[in-house]
Number of protein chains: 2
Amino acid sequence: MSLTAEIISVGTELLLGETINSDAAMISKELADLGIDVFHHSAVGDNRGRIKEIFQTALNRSDIIIFTGGLGPTYDDITKSTIAEQLNLKLEKKEEIIEDIKRYFKNKAKDMPPNNELQALIPQGATVLKNDWGTAPGVMIEHENKKIFMLPGPPFECKNMMKERVVPILSKISEKALVSRYIRIIGRTESETELLLSDIMTKGVNPTVAPYVKDGEILVRVTASAKTKDEAFKLTEPTVKEIEKILGSSIYAIDIDSPEEVLVNLLKQKKITISCAESCTGGGIAHKITAVAGASNIFPGGIVSYSEEIKENILGVDPKIISSFGVVSKETAEAMAKKCCELFKTDIAIGVTGYAGPTFGENDSAGHVFISIFYNEKNTTGEFHFLGTRERVRNKAIKQALKMAIEQIK
Amino acid sequence: MSLTAEIISVGTELLLGETINSDAAMISKELADLGIDVFHHSAVGDNRGRIKEIFQTALNRSDIIIFTGGLGPTYDDITKSTIAEQLNLKLEKKEEIIEDIKRYFKNKAKDMPPNNELQALIPQGATVLKNDWGTAPGVMIEHENKKIFMLPGPPFECKNMMKERVVPILSKISEKALVSRYIRIIGRTESETELLLSDIMTKGVNPTVAPYVKDGEILVRVTASAKTKDEAFKLTEPTVKEIEKILGSSIYAIDIDSPEEVLVNLLKQKKITISCAESCTGGGIAHKITAVAGASNIFPGGIVSYSEEIKENILGVDPKIISSFGVVSKETAEAMAKKCCELFKTDIAIGVTGYAGPTFGENDSAGHVFISIFYNEKNTTGEFHFLGTRERVRNKAIKQALKMAIEQIK
């Protein structure tokens, strides 16, 4: 029997859409790894009645309830007091927590504001979960064979509290481990992928196979459960191999989180260096590449040549190319990639020029982008018409550029 | 009387933590602007029983129910059929939807896979909401004075369907408008801010005043409701002025979404150009600046000088500075900013060098960052020890650099 958990996020800012509930996703991932089933996420505002209502529902259906948010020092932070009230527990002030909070402020060379004392009130009999990443301590209450956790809302604190405080407690009581593996697809739609995998998808329940879309990419997830992580991983192996056989070259990565990781690993493996000359992506490609730890081994640098002058004077693109073909053209993208390779002395270089929008160029419209990869003394160039907002066009161009570089190196 | 709405997101990927529920935040924001109160968010998996359960609860407490997700072409996309079953409505195949989907694939030079026909099944009597951004049409059902919407899950489709299809319907029936304004604070904690504002916070309910933390920044939100947006805005005015008086120079922006917008607007206003030389932030500052439409007027470009060679050979930092003081030092950051100003011929430049982690430098630890602003022939430099992961350190450094540039120009 699996344990079931649910997550209740408290905060009016969630219901106003000011904050995206990333805590729920992070906690769910940790619980999935422990083989604990999550069947419900909820969010409610800073309202005692509605917090109590959802808490009661949760008590009736889940073994583990994890609250996030509402532990701050301000008067609308009411999670602890509401839950204590519902369970008929008094709040007790813990002096050692006040000392912790004072120390936290001292490290920041500040005095503790008096209202932070609110954070030292803990329901009687509860276990305090020490917060080394902020001022609000977490709480665990054990009630009728159920475990109720309260964690601070700010994502950085919540993540560390979950990993360092909650997971060690739950891993002792969970008898299951879950492993999910991700197969990344290029050049096929979700429904094509499903058609190809339909036999394998209906075959069994452990592992399960499901294609889905994330950030405009198709992923196939293979999930298995067993007593240990190792056993679960082994269970996925034959299925992953079967999928590799069926999808073949449509697969560009397995078990890797992102195209930038695929690219950096590939470059390291082959001892190839890369640089990039960016216009409309404005440094986004360099930023992605350098997001991968150890990128310094394969990435000496890049240039954001946003204006024509910079493209010509620093990068060294021939002004005649720009005046004859236009700044957004195949020829300019190719020259940018080639010159970038020379300037940064790398084996491969990416050149990107385009209109990100929302304003329009003279002859071209927003979303029109050229991406060129210069490698082995030749250019490979693509022309794209990306749809959507400025942000979306830029993100798509970044992803496409990384994938084109991967393809060229492969 | 306000209308109440709730959002139910369907998809096992949410409960496994593979997808962050950004749709719920986006929809909530749109509803808030319409003066419609949102009291609940929920997420459930692709499970008929649990979808029906939460739907029944929602029918008992909300006027408007918005589902997201589960409208795709695969066999686990069950939102429409489950809701239809619960309301005793048959599903009907709409030929015109099949034509739309075929056209969508044709535009991508592909044939429609047969399982996409599933998306053309619509509950009888329902209104089809045309999807111009993907294959899954939306649906609206009117049931006992309540409106039930079903929107596709992928964020780009969901956003456009909400703005273009749902908002026009709801704006006709809502009799309230809400305006929220955001005051951005620098150099004060959340509880200090609350202490200073305690009088004003307890004063009334329209507008309401609430400080909160977002992405490591303190914001104060002032929210008013009225019959029209203009009236609501006017109601916020005296309160915003009062807060300006109380917090004074701790406020660095009002009604602006992000530090990069503040910076770009300020630069445009003052006709000042900027460039940046980045090491550990890896192009992130340039990427933020160019995220603001119209940045090309004030940003000719920047360099990602990740390796020492690039810092010396392209940017022109004196090798003696790096060898004497180290690559992560005040002196190197200052030289980077100064040389960047010269190379890109801008009025102001940002230089950043540091260790993003997770590996450690020889004498310095991850999170140690120097940021220098070169302006009016002089450097202003800060030394920072940012906590957290590589991603967090980089994000904090980017934000800090933008804020330092704002301060210098102001």
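**View 1. Chain A as a whole, with 14 helices and 17 strands.** Helices (H or I, at least four residues) and strands (E, at least two) are DSSP runs, numbered from the N terminus. This is a predicted model, in which local features need pLDDT of at least 70, side-chain atom pairs count only at pLDDT 80 or more, and totals for chains, interfaces and linings use all residues. The C-alpha trace of chain A spans about 80 × 60 × 35 Å along its principal axes. Of its 410 residues, 52% are buried; a residue is buried if 20 or more other C-beta atoms lie within 10 Å of its own, exposed if 12 or fewer, and partly exposed in between, with C-beta atoms placed from the backbone.

View 2. Four residues from domain 2 of chain A and four residues from domain 3 of chain A make up the contact, where two residues are in contact if their C-beta atoms, placed from the backbone, lie within 7 Å. On the domain 2 side of chain A, three of these are nonpolar, one is polar and none is charged. Here Ala, Val, Leu, Ile, Met, Phe, Trp, Tyr, Cys and Pro count as nonpolar, Asp, Glu, Lys and Arg as charged, and the others, Gly among them, as polar.

**View 3. An open, antiparallel sheet of four strands in chain B.** Follow the strands in the order β10-β11-β9-β12 of chain B; two strands pair if DSSP finds at least two bridges between them. Because β10 (208-214) and β12 (251-254) of chain B are the edge strands, each with a single partner strand, one side of each has no neighbour in the sheet. From one strand to the next, the twist averages 25 degrees. Three bridges link β9 (residues 177-185) of chain B to β12(B), and B:Ile185 faces B:Ile251 in β12(B).

**View 4. Helices α7 and α8 of chain B against the sheet.** Helix α7 (residues 190-201) of chain B touches β9, β10 and β11 (217-226) of chain B, and its direction makes about 170 degrees with that of β10(B). Helix α8 (residues 229-247) of chain B lies across β9, β10, β11 and β12 of chain B, at about 20 degrees to β9(B). Axes are lines fitted to C-alpha atoms, for helices over the stretch in contact, and angles run from 0 to 180 degrees between N-to-C directions.

**View 5. Strand β14 of chain A paired with strand β14 of chain B.** These two strands, residues 301-305 in each chain, run antiparallel and are joined by five bridges. Look for A:Gly301, whose bridge partner in β14(B) is B:Ser305. Zooming out, 75 residues of chain A are in contact with 75 residues of chain B. The chain A side has 34 nonpolar, 28 polar and 13 charged residues.

**View 6. A:Lys396 in helix α14 (residues 390-409) of chain A.** A:Lys396 is partly exposed, because 19 other C-beta atoms lie within 10 Å. Its C-alpha atom is separated by 39 Å from that of A:Ala136, 260 residues apart along the chain.

Terms used. Residues numbered from 1 in each chain as written. Chains lettered and ligands numbered in written order.
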